[in-house]
Amino acid sequence: MTTVRRAVLTLPAAPLGPDSPLPALRTHHGTHAVDEQTLAELPRDMARGIGHAPLRSLLPAPVRDGYGRERTPTDLDAIVIENDRIRATVLPGLGGRVHSLFHKAGGRELLYRNPVIQPAAFALNGAWFSGGIEWNIGATGHTTLSCSPLHAAVVRAPDGGRMLRLWEWERLRDLPFQVDLWLPDGSDFLHVGVRIRNPHERPAPVYWWSNTAVPEDRRVIAPADAAWHHGYERSLRRLPFPVPESGGGTDRSYPLNGDHAADWFYDLPDGQRRWIAALDADGTGLVQTSTDPLRGRKLFLWGRERGGRRWQEWLTEPGTPGYAEIQAGLARTQLEHLELPGGGEFSWLEAYGPLAADPAAALGDDWGAAREAVEGGLAEALPRAAVDTAYTAWREQAADSGPETVLAVGSGWGALEVLRGHFELPGTPFPESTLGPEQEPWRALLDTGVLPAPEKGAAPGAPLVSSPWRDMLETAPADPSTEYHLGIAQWHAGDRAQAVRSWERGLREAAVRWPLLRCLAVADREDGHPARAAERFAEAFTDHTDHTDQADRAAEDEVVSAALGREAVTALLAAGRAGRARETWKRLPEEARGRGAFRLLEARLLLAEGRKDEARAVFGAGFEVADLREGVEILGEVWAEITDEPLPYAYEFRMRPS
């Protein structure tokens, strides 16, 4: 009989630290994109999906960049779902990640299970970690909820047993979603029912990919003869899979055969059962299958080159084997978004479990025979009809069932949206009891029409940017705090000129000027005025520093000062103002100047001052930029300004061919 219980998992983990106090105004330039020439050559429906509703920014989600690289043993809340065949361990406080899927009957772990929790800047808004099965909703990339708590509760499963429900309100697209996990009695397969609802009258863009980490010494097999290849050079091409059309080339179904990090989106034929498997040298491993709406399947690999190997090390501890990802999504590629009509929903069922296939067939040179071996094994272990039947039972009998025992609590943003919109969402309650300090000013605006100002000297609260909240801000009494938030909402809506006017109005009466100055600086930078942007970034930093007593500075003031100073020095260097950048650098908190990101910034400052040997010495002393973002090549670029020597391996994170 299936059980669902709380547990504690102790792992070496780097604390997440505080979120950035600065709103994410910058236009989102995703790593996962395609160039204009490639876009023009794609099938029309694919090009339309890629161009549909791209993110203008990450608002209202916070940037999560407060983590470091120092790991200590940490107790993590976990939920264990178990029957006599299989055991799944879920981390509700970290995006609902399935950390482990252990096949008890076979005595083996089916996933790549990271032995540490090391945040890295791979999520859309920063902090993310590798391993297990993750649920990605929102937009192209890892969800902003990667390291956030979800609501969790025990619910009655379709067969009358116990089921774990995870749910939250996704803020980028303003949509609620749920993930239901259960183990039918005697089953080897973890069943996962997923539902995304659009409670609004307007249509909404939707993105979903379930990402599963597996050991990279596997063969990844899916039912397709071609795949769309996407690399960090931003091209997208349909190629024969797994070997080139001429034959005799590299077999791309083995992740360790790839040179550079890449995505392979399998082009599954219409009517084909949806599945993907990762098998070891014995022909055993993990298979994932689903009902038809979850159309896409993908292999992500890091490659054999130095950059990919360095990233693998960066995300775990030395000596840990590498991993690849097998993924499943609503569209053919992760670059596309679907449209969900107002009042509508997307729902489907996934299943994860062990598979054993004849190794001679599954690992042989005949790709067709390999596919048939896996498909035959899957049909025997979990027939397609059984998955469809399980979905129907879940959707009709369990998806709307209310929670019986609450196991974990997520954010209060869903409760706030339900209060505002009076939404009825059976199965996923967002009670008022979950409202917290971040939501209270917005509840006051909802109840009274007035947005309370933050306490004297405090940083502005978290923003809200959807059109109903923007409308309320436009009719609220104008004060600097309201103008600040109104400008952010207008910026998110694409009305940059009006946003600037709101921030300028607020600035005229503001006692604390730095939040508004910083917003205006971002606007200047995005509009192509680097010199004016640099001055405003520097002025924002100075305003904050002047209003903070150096001898009695609170921890949150240090965070604000470091964030503003980092932006100011970067902008001043971009504007050719090395002298002013040095003045700003001297006023940064001493603790911040010792962190890796600031050591890199110091090397750039020394270069701008013509002190190349001292910049080289910064690299020689060693540093780690904890929030180095996926695909960014700044370390190599700065090194190339210093010397013609090869980039040291410690700083090698480049993910594309030279």
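Helices (H or I, at least four residues) and strands (E, at least two) are DSSP runs, numbered from the N terminus.

What I am showing is a predicted model, where local features need pLDDT of at least 70, side-chain atom pairs count only at pLDDT 80 or more, and totals for chains, interfaces and linings use all residues. Residues are numbered from 1 along each chain as its sequence is written, and side-chain values use heavy atoms, with hydrogens and water left out.

Where does Pro242 sit? It is in the loop between strand S17 (236-240) and strand S18 (262-266). Phe241 and Pro242 are joined by a cis peptide bond, with omega about 15°. Leu59 and Pro60 are also linked by a cis peptide bond, and there omega is about 5°. Pro60 belongs to the loop between helix H2 (44-51) and strand S2 (72-82). Ala53 is found in the loop between H2 and S2 too. Ala53 is not a glycine, yet its phi is positive, at about 50°.

Now for some helix pairs. Axes are lines fitted to C-alpha atoms, for helices over the stretch in contact, and angles run from 0 to 180 degrees between N-to-C directions. Helix H8 (residues 440-448) packs with helix H9 (residues 467-475) at an angle of about 70°, their axes 11 Å apart. H8 and H9 are therefore roughly perpendicular to each other; the ranges are under 35 degrees for roughly parallel, over 145 for roughly antiparallel, 65 to 115 for roughly perpendicular, and oblique for the rest. The crossing of H8 and H9 is left-handed, a word used if the near helix is turned anticlockwise from the far one by less than a right angle, while clockwise gives right-handed.

Which residues make the contact (heavy atoms within 4.5 Å)? From H8 come Trp442, Leu445 and Leu446, and from H9 come Trp469, Met472 and Leu473. By class, this contact of H8 with H9 has six nonpolar, no polar and no charged residues. Here Ala, Val, Leu, Ile, Met, Phe, Trp, Tyr, Cys and Pro count as nonpolar, Asp, Glu, Lys and Arg as charged, and the others, Gly among them, as polar.

Moving along, H9 also meets helix H10 (residues 480-492): their axes come within 9 Å and cross at roughly 145°. This crossing of H9 and H10 is left-handed. Arg470, Leu473 and Glu474 in H9 meet residues of H10 including His485 and Leu486. The contact of H9 with H10 has three nonpolar, three polar and two charged residues.

One more pair: the axes of helix H13 (residues 530-546) and H14 come within 8 Å and cross at roughly 155°. That makes H13 roughly antiparallel to H14. H13 passes H14 in a left-handed crossing.

On a 1 Å grid over the protein atoms alone, a pocket is an open set of points where a 1.4 Å probe fits, with protein on both sides within 12 Å along at least five of seven lines, and lining residues have an atom within 4 Å of a point. The volume of the second largest pocket is about 1,100 Å³, meaning the space filled by probe spheres set on the points, which are joined across faces, edges and corners.

How many residues line the second largest pocket? The count is 47, and Asp19, Ser20, Pro21, Glu438 and Ala462 lie nearest its centre. Strand S10 (162-170) and helix H14 (555-574) each supply at least two residues of that lining. The largest share, four residues, comes from H14.

Conventions: Contact = heavy atoms within 4.5 Å.
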